[in-house]
Amino acid sequence: MEERRLAPSQVCRKRLSTIIPFGSKSPKIHQSVFVAEGARIIGDVEIGEDSSVWFNTVIRGDVNYIRIGKSTNVQDNNSAQPQWTT
């Protein structure tokens, strides 16, 4: 999977979306993914090719991982956070 990695607090200025590492984990986002303005993708998150993350969505891989497959559409104002692992 080709991915783009941004610095810890770097903002994608073109679309005003934010990709944020958490601890030692950084999001891995395929280069074909559309990330809309206001979206936040944090931590241990992988998003597959031809997917989209729409306005004001938060995908937070802080306490566990989140994997979003290819050709997946995450609609506006969604919030995804995994449960703690035991």
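These legends go with close-up views of a predicted model.

**View 1. The largest nonpolar core.** This core has 13 residues, and the members that touch the most others are Ile 29, Ile 41, Val 45, Ile 47, Val 53, Ile 59 and Ile 68. Strands β5 (40–47) and β7 (58–68) each put at least two residues into it.

**View 2. Val 45 and its surroundings.** Skip the neighbours within four places in sequence, and Val 45 is still in contact with Ser 26, Pro 27, Lys 28, Ile 59, Gly 61, Ile 66 and Arg 67.

**View 3. Glu 46 meets Lys 28.** Glu 46 sits in strand β5 and Lys 28 in strand β3 (residues 28–29), so the pair ties together parts 18 residues apart in sequence. Both ends are partly exposed: Glu 46 has 22% relative accessibility, and Lys 28 has 28%.

View 4. Asp 44 is buried at 16% relative accessible area, while Arg 67 is partly exposed at 40%.

**View 5. Arg 67 also reaches Glu 46.** Their side chains form a salt bridge at 3.7 Å, N to O, again joining β7 and β5, this time with partners 21 residues apart. Through shared partners, Lys 28, Asp 44, Glu 46 and Arg 67 end up in one salt-bridge network.

Technical notes:
Residues are numbered from 1 along each chain as its sequence is written. This is a predicted model: local features need pLDDT of at least 70, side-chain atom pairs count only at pLDDT 80 or more; totals for chains, interfaces and linings use all residues. Side-chain values use heavy atoms; hydrogens and water are left out. A nonpolar core is a set of buried Ala, Val, Leu, Ile, Met, Phe, Trp, Tyr and Cys residues joined through side-chain atoms within 4.5 Å. Buried means under 20% relative accessible area, exposed over 50%, partly exposed in between (1.4 Å probe, protein chains only). Helices (H or I, at least four residues) and strands (E, at least two) are DSSP runs, numbered from the N terminus. Contact means heavy atoms within 4.5 Å. A salt bridge is a side-chain nitrogen of Lys or Arg within 4 Å of a carboxyl oxygen of Asp or Glu.
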